[in-house]
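Please look over the sequence and the structure below before reading on. The briefing then takes up a few topics in turn.

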Amino acid sequence: MTQDTSDTRRADLVLANHILVNEGVLDGFGHISVRDAARPNQFFIARSMAPGLVTLEDIVVCNIDGAVIDAQNRRTYVERFIHSEIYRARPDVQSVIHSHSPAVIPFGVTSARLRPICHMSGFLGVTTPVFEIRHSAGESSDLLIRNQLLGKALAELLGNAAVALLRGHGNVVVGTSIQQSVFRAIHTEKNALLQSQAMQLAAAAGSVGDVMYLTDAEAKAASDMNDEHLDRPWQMWKRQVNHA
Ligand code: MN
C-alpha cells in the first residue's frame, strides 16, 4: 500500500486527468482536483489547459478562496470556485471532478432525474440534485461557475450527495479519494447512458414509467461494496493510459 501524501496525490492527479480523458469524461475542458494531504485548506489542480496534456509540472496550488499560490503567477481554470467552495463546505471531500460528460446532460434539462440503474452506480443515491444557475445568476449568464457566490450556491445544492448536475452544462462529482471520484465520474456517465437506453426501451414497450431502479438500501449496500475495490479498476485504467 503506497502512502497517501501530497506527492502521491499530485502524481495520482496527473494520472487521473489522463484516465478521465481516455474514458470520455473529460475532453478539452473539465477539471479534477485533490485536496493537499498536508494543508487541508489548499488543493492541487492543473493550470488552465487541456486535461489530456497535463504533466506534474503543470500542477498548481489553489487555496480555499480560489486564489492560485504560484511563484510563476500561472492561472488555473475560471471554474475553480466549484472546487474551492465544495472543499470549504465538505471536509470529507478529498477530490472534486467537474466535467461536461455528454450522456449526463439530458438529465439536467428534462424532468427525467438521474437515478442508479445498476450496482456500479449505487453512489448516486435515490435522486441526483440539479443546479439551476438562473436562480443565482439570472437568465443571461454564460452558465459558468465563475465566482465564489456561484460556487457556494452549487456546494449548497450538492449537500451531502456524491454528484450534482449543472443544467445545460455538465456535472460535478466528489469523492473521499481520487480513486473514488474517478470511479464515480466514469460510472455517472455510464449510468446516464444505460438509463437513457432503459427509458427508451420502456417507452418502446409502451410503459414509459417502467424502469426499475435500485432502492435506497440497495444503492447504499452496492456503493459500500464497490468502495472496497476501488484499486482494481484504478490499476487497469492506469495501465491503459501508460500504454496509450
Ligand atoms: Mn464547465
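Is L157 buried, partly exposed or exposed, judged by its relative accessible area? In this predicted model, L157 is partly exposed because its relative accessible area is 30%, which falls between the 20% limit for buried and the 50% limit for exposed.

**Surroundings of L157**
- L157 belongs to helix α5, which covers residues 148–158.
- Apart from neighbours within four places in sequence, L157 is in contact with P129, V130, F131 and A164.
- From L157 to R232 the C-alpha distance is 32 Å, and the two are 75 residues apart in sequence.

**The manganese ion**
- Four protein donors hold positions 2.1 to 2.3 Å from the manganese ion: E79 through OE, and H98, H100 and H169 through NE2.
- Along the chain these donors follow the spacing E-x18-H-x1-H-x68-H.
- E79 sits in the loop between β4 (68–69) and α2 (80–89), while H100 sits in the loop between β5 (95–99) and α3 (106–109), so this pair ties together parts that are 21 residues apart in sequence.
- E79 counts as buried, at 5% relative accessibility, whereas H100 counts as partly exposed, at 27%.

**Surroundings of R35**
- R35 is part of strand β1, residues 31–35.
- R35 is buried and has no salt bridge; D92, the nearest side chain of opposite charge, is 6.5 Å away.
- The R35 side chain reaches the backbone oxygen of Y87 at 3.0 Å, and that of V93 at 3.0 Å.
- Not counting residues up to four places away in sequence, R35 touches several residues, among them R9, P40, F43, I64 and R90.

Definitions and conventions. Residues numbered from 1 in each chain as written. Predicted model: local features only at pLDDT ≥ 70, side-chain atom pairs only at ≥ 80, totals over all residues. Heavy atoms only, no water. Helix = DSSP H or I, 4+ residues; strand = E, 2+ residues; numbered from the N terminus. Buried < 20%, exposed > 50% of the residue type's maximum accessible area, 1.4 Å probe, protein only. Lys, Arg positive; Asp, Glu negative; His and termini not counted. Salt bridge = Lys/Arg side-chain N within 4 Å of Asp/Glu carboxyl O. Polar contact = N/O pair within 3.5 Å; in protein donor to acceptor, adjacent residues only side chain to side chain. Contact = heavy atoms within 4.5 Å. Donors = N, O, S within 2.8 Å, 3.2 Å for Na, K, Ca; no water.
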